[in-house]
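Thanks, everyone. Please bring the model up on your screens, and I will walk you through a few places in it.

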Amino acid sequence: MKSGGSFFNSCKPYIAMICLQFGYAGMNIITKISLNGGMSHYVLVVYRHAIATAVIAPFAFFFERKAQPKITFPVFMQIFILGLLGPVIDQNFYYAGLKLTSPTFSCAMSNMLPAMTFVMAIIFRMEKVNIKKVIYQAKVVGTVITVAGAMLMTLYKGPLVEMVWTAHRHSGVSGGGSGGGKDSSDRDWFIGCILLIIATLAWASLFILQKAALKTYSNHQLSLTSLVCFMGTLQAIAVTFVMEHNPSVWRIGWDMNLLAAAYAGIVTSSISYYVQGLVMKTKGPVFATAFSPLMMIIVAIMGSFILAEKIYLGGVIGSAIIVVGLYSVLWGKYKEDQEQKQKMMIQDIPEVVKDNNNNNNNNQLNGINVAAGNVDQEKAAAVAIDLPIFTPPIKPTQQV
């Protein structure tokens with residue numbers, strides 16, 4: 001029972017991250033449909049995080065209202081920057097890039113996240129690098145490969161790759177194609193790539209800062225999530241007032257726009273922020289970013305059926321290169337964790353050996369033989385002094 005329970009506990013972070021990828025995949029498809037329908041991505045970000053705040057704040061109040069950390073100025077600045085990086089910069093740039101490209105392409109670019117997180121973790125000394133070891137060489141090489149794949153996807157579009165089940169629909173469907181179909185120019189495609197890279201960089205920064213913020217909110221992850229979403233909502237409202245001057249953009253009805261905002265707010269903001277915090281608390285920021293290729297595969301399948309999405313050769317080759325680099329980084333992280341566990345086990349062994357040696361020495365001293373030739377002079381002298389005191393009374397009793 002213990003081994004089964006420990007196995008399930010060890011699998012929890014993997015199950016959680018896999019489930020999140022399905023949630024992210026659905027968000028990409030629904031959001032793409034909403035953006036193609038004319039919804040402003042600035043307004044979508046506001047509604048998304050307002051809904052996320054409304055959903056998760058009650059749970060934070062009921063389950064974590066005791067022993068709340070004090071919001072000092074440094075803590076407030078952490079929450080402020082987290083709200084700026086996640087809801088404002090990351091989401092707005094990602095939605096803008098998604099609108100100019102496609103869901104599958106956007107997910108493929110998001111696979112740069114582990115490499116960017118690794119680089120930033122080195123800068124902030126959350127990851128150590130010993131270039132002489134293979135595991136760290138794998139991380140560095142994987143990062144370089146990932147960046148190369150992203151550059152290939154950005155600079156090379158290539159010919160169209162036809163899917164068997166969507167070839168007959170591409171001639172009549174232009175709104176869901178990769179790169180925006182006939183209405184999307186190469187310039188828009190390039191701008192979309194740049195926006196996605198900026199969004200990924202902001203996302204990696206969010207992972208790093210969230211890891212630091214969790215030291216303060218180690219037992220209050222729900223509270224941290226609700227505060228970040230609330231702060232992000234206020235910041236996103238300010239940005240929307242600056243960027244959108246038409247009041248009609250705020251209108252939302254019982255349509256795909258409401259579904260996109262509700263789904264993104266509940267699944268990919270409130271739940272994902274909370275689950276990511278739990279996973280990073282035990283596995284670190286690099287592990288939490290290592291499952292994005294699964295989202296790309298799910299989105300590619302869903303997008304081909306729902307949106308009749310067009311996929312280009314440059315995206316396919318670049319995605320494959322990024323995945324190779326991604327798992328090179330992941331392999332290095334896995335080996336590093338194994339090495340650290342072995343070091344901890346080795347550090348514990350000497351203490352056990354010392355205890356056993358002390359017990360053996362005590363047992364040997366209690367049953368020592370005076371004639372033993374391997375006893376040093378000081379111990380032999382002590383034994384020689386003690387023995388005559390105790391031996392005379394013993395012999396008469398034995399003779400009687």
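I will go through a helix, a residue with its contacts, a surface patch and a salt bridge. Keep in mind that this is a predicted model.

Start with helix 4, residues 103–110. How many of its residues are buried? The count is 8 of the 8, so the helix is largely enclosed by the rest of the structure. Among them are Pro-103, Phe-105, Cys-107 and Met-109.

Next, Tyr-42. Find it in helix 2, which covers residues 41–64. Tyr-42 has a relative accessible area of 17%. Buried means under 20%, so Tyr-42 is buried. What does Tyr-42 touch, leaving out residues up to four places away in sequence? The list is Asn-92, Val-239, Thr-240, Met-243 and Glu-244. Look at Glu-244 again. It sits 202 residues from Tyr-42 along the chain, yet their C-alpha atoms are separated by 7.9 Å.

Now the surface. Ile-71, Phe-73, Phe-76, Phe-80, Ile-81 and Leu-84 make up a nonpolar patch there. Together they have about 540 Å² of accessible area. Ile-71 belongs to the loop between helix 2 and helix 3. Its relative accessible area is 51%, and it is exposed.

Last, the salt bridges. The count is 1. Glu-339 pairs with Lys-133, and their closest N and O atoms are 3.4 Å apart. Glu-339 is in helix 13, while Lys-133 is in the loop between helix 5 and helix 6, so the pair ties together parts 206 residues apart in sequence. Are these two buried or partly exposed? Glu-339 is partly exposed, at 22% relative accessibility. Lys-133 is partly exposed too, at 28%.

Terms used: Residues are numbered from 1 along each chain as its sequence is written. This is a predicted model: local features need pLDDT of at least 70, side-chain atom pairs count only at pLDDT 80 or more; totals for chains, interfaces and linings use all residues. Side-chain values use heavy atoms; hydrogens and water are left out. Buried means under 20% relative accessible area, exposed over 50%, partly exposed in between (1.4 Å probe, protein chains only). Helices (H or I, at least four residues) and strands (E, at least two) are DSSP runs, numbered from the N terminus. Contact means heavy atoms within 4.5 Å. Patches are made of residues with over 30% relative accessible area and no salt bridge: like charges are joined within 9 Å, nonpolar side chains (Val, Leu, Ile, Met, Phe, Trp, Tyr) within 5 Å. Accessible areas come from the Shrake-Rupley method with a 1.4 Å probe; for residues, only the protein chains shown count as cover. A salt bridge is a side-chain nitrogen of Lys or Arg within 4 Å of a carboxyl oxygen of Asp or Glu.
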